[in-house]
Amino acid sequence: MTAPVFSVTNLSVTHGGVSILHDISFDLAAGECLAIVGLSGCGKTTLMRALLGLLPQSMQVSGDLRTAAGTVPLGNTRVLRRRLGREIGFVAQNPFDACAPLRTVRAHIAEAWRAHGLTPDHKRIIALCNRLGLAKHMLERYPHEWSGGMLQRANIAAAIALSPPVLLADEPTSAVDADMAERVMSCLRSGAPGVIVVSHDLPLVARCADRVILIEDGRIAAIAGRAELSSGRAPAPLYDFIRTGQPPCPAPPAPGLNMLDVRDLAIDRGGRRLVSGLNFALQPGKILGVAGPSGVGKTSLLATLAGRLPPAAGVIVRGGQTRAPRQGEVLVLFQDAVSSMNPRWPVSRIVSEPLTSANGRQPRRDRPDAIRQAMGAFGLGHINLNSRPGALSMGQAQRVTLARASLAKPTLILADEPTSALDPRQKSAALAGLARLAKAGAAIILVSHDRAMLRDFCHETLELRADAQGCVNPAARETTPASTGLHILPETPA
Amino acid sequence: MGRALVMRLGQAVLAAFGASLLVWLMLPLAPGDPVDMILNAQRVEEPTDQHIAALRDRFGLDRPLWQRYLVWIGGVVQGDFGLSWRTGEPVLSGLMRRLPATLQLVGLSFVISVAWSLGLALVAARWAGRWPDRLVLAYTRLLAATPSFVLALLVLQFVVVGMGIGLVLSGGAGATLIIAAAILGIDRAAGWTQLLRAGLLEHLARGPADVAKARGARPGRVLAIYALPAALLPWMTALGISLGGLIGGAPILEMIFTWPGIGEHVLTALSVRDVPVIQAFVLIAVLAYVAASLVVDAMAIMLDPRMRHARPA
């Protein structure tokens, strides 16, 4: 291994006497890609913000950062600031949140120079755009006129403008659609000699990282190289971490009657044919995954099945009849579970709302039992029933919507990216909840960019393509029974 | 951008038209016979029948409502607000004689309050949580709770009388203008400072500011380039809205400092229910408000690229 280009020694962060990060030290060699992984709340975001001098003044930071330009105490933001941009480039998670909406993207990239009082080198900006595949004329446009994948690459251009030896990226692909993610990752890799990626998505980062650091409770729990990880010789906590993200195995669908039968379905949106000639059938308990690039019609398909968008052609047969869905028959789960709940209602009222509607009405005195039972079934027994949605974690919030769905007893559940905001442990808990709803007799359509998850969790996967032709890959699960979704996972985990 | 501006202009014209209708309705909707109100304004105790009939004819009170409105608005468009019931002179010339002094006062106080709240909010946000911020917060809380006439009386007592700066009976002297404008402006600035400070702090905590800091930008630069433009948008809207209040608040201060503005004239008109004068004053204030909103909208459109579409998403 070559000499480290970037090393962090004894980084600790405390807040009001409570230790958040404890004695973190690691090196980065030239040309290396290091992944920092961990569950939500483990301290990886604090670690990243400490390296960027972004922690509030109320937190005490100690430890040193050593680069070719010398050693800086991480607690001294004034000294650290002069290194930022020149020694560490930063790529934020959500490209739209990273760019000031009132300024052009060119101004955003030029900030790399202006932040240090330098004159922007417009030739270099053009050269960066050419290298990252960005159109020059887009530079004068504003962020809201860009697509996410393009804007994320513009962010990378801004981060590498001053040629820092190290790029620090926070979940750089989670806000970008899956087909763009590979492109963004390769831009990152080629952008700077050393790359640090902070993520909770180990399968994604494991594909590009040379080394993985697992953070648990503010400490480094394990470090392993890629070779060790795939050969099964890495420390045990890493495999535990991988297993927490494993989707559970849902029960096979009940044989017999098709509760939903879609024949030759075509969907138009904005005068354009998005989907045509789509055929599939769902039995109770069936889980159908839907994948495809952004804008291909996944959300429109859900809207059509929910009865919100009339089909352009074809028929949707529900329970043997061609009709619109009845009230309470279809239920939608959203990516952002918190904003799908009334922020002023207590959890108990949110969960029991289906029991107050016309077809599922239950006497008031029976509701507390039903609520407790539903909450317990989805691992929420310890939650205070009077808390409001804002007090829940993303994972808990998503499971509250699942508990609500279990009381609503819909026959069809449409789930739009329900797990993409969740960390591995929360994700597998949410998927277990979905499997539970399927077992109770609901058919589920699960839309996601996460193909590995769909392959492992769904009975079938529907691949929507940009040429308006959808195709169902039946029994994907059966064809790869031993698939783990993680190619680095050993056959027999330690 | 042009289309969005034209649409806002159209909306402003519609708003002005609607306002004129409401202002005009003040008269027919007011309880009592307008003739009685006219006679009252003229302090005529026992009118004859001929006198009443002459008044009805002269002010067009025997015609249908819509005709009266059309005649009135037709005159207003040409700058004719009718005759004052009290003095019988044209309403507009009476107002115009005093308006420049009021505009001086309101304009100067507006400039003072904008500069004052902008400066204080920037200082507070730059040193958020430290003593400059606390000082600014204490000031805004105190001033937001103090009515401007109380402040004016205190200043009159301790600065003008006590320290001998300015005049008690100003009659239009410059020093009094500055004192009155400063009181009106500083009092008004308290709420604006709170609003802008909150906006600055909010945008300092957002993604773009974080990314700028991660590029190595100094705190002052992050504040000026990333937080300020974004925080200015809602602040400017608030400025536009309270401009009307600024004009409305001026008469009382003018009375206290005997500033020869529109205040005394309008207060007299109010006390004798001289409706044409009140209508003209309210309409001028409303038009100033509509114009201010239009300017704010135009500035927002120039500042925010997302608002340049005729129908923002």
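User: Helices (H or I, at least four residues) and strands (E, at least two) are DSSP runs, numbered from the N terminus. With that in mind, in which strand of chain A is Ile287(A) found?
Analyst: Quick caveat: this is a predicted model. By the DSSP runs, Ile287(A) is part of a strand of chain A, and that strand is E13.

User: Is Ile287(A) buried or exposed?
Analyst: The cut-off for buried is under 20% relative accessible area. Ile287(A) comes out at 0%, which means it counts as buried.

User: Which residue is 148 places from Ile287(A) in sequence but 8.2 Å away, C-alpha to C-alpha?
Analyst: Ile287(A) has contacts beyond four places in sequence, among them Ala438(A), Ile444(A) and Phe457(A). The residue at 8.2 Å, C-alpha to C-alpha, is Ala435(A).

User: What relative accessible area does Gln283(A) have?
Analyst: Gln283(A) sits in the loop that links strands E12 (272-282) and E13 (287-291) of chain A. Leaving out residues up to four places away in sequence, Gln283(A) touches several others, including Pro253(A), Leu257(A), Met259(A) and Ala443(A). Buried needs a value under 20%. Gln283(A) is buried because its relative accessible area is 15%.

User: How far apart are the C-alpha atoms of Gln283(A) and Pro255(A)?
Analyst: Along the chain these two are 28 residues apart.

User: Over to the interface: about how much area do chain B and chain A bury between them?
Analyst: On the contact side, 24 residues of chain B meet 28 residues of chain A. Carbon and sulfur atoms carry 58% of the buried area. The total is about 2200 Å².

User: Which residue of chain A pairs with Asp210(B) in a salt bridge?
Analyst: Chain B and chain A share two salt bridges, plus six residue pairs in polar contact (both at pLDDT 80 or more). In one of the salt bridges, the N to O distance is 3.0 Å, and the partner of Asp210(B) is Arg49(A).

User: Which element gives the largest share of the side of chain B that touches chain A?
Analyst: Helix H9 (207-214) and helix H10 (219-256) of chain B each supply at least two residues of that side. By class, the side has 12 nonpolar, three polar and nine charged residues. The largest share is seven residues, from H10(B).

User: What ipTM does the predictor give the complex?
Analyst: For chain B, the average pLDDT is 83, and 94% of the residues score at least 70. The complex gets a pTM of 0.74 and an ipTM of 0.72.

Methods. Residues numbered from 1 in each chain as written. Chains lettered and ligands numbered in written order. Predicted model: local features only at pLDDT ≥ 70, side-chain atom pairs only at ≥ 80, totals over all residues. Heavy atoms only, no water. Contact = heavy atoms within 4.5 Å. Buried area = accessible area lost by both parts, 1.4 Å probe. Salt bridge = Lys/Arg side-chain N within 4 Å of Asp/Glu carboxyl O. Polar contact = N/O pair within 3.5 Å; in protein donor to acceptor, adjacent residues only side chain to side chain. Nonpolar A, V, L, I, M, F, W, Y, C, P; charged D, E, K, R; others polar. pLDDT = per-residue confidence, 0-100. Buried < 20%, exposed > 50% of the residue type's maximum accessible area, 1.4 Å probe, protein only.
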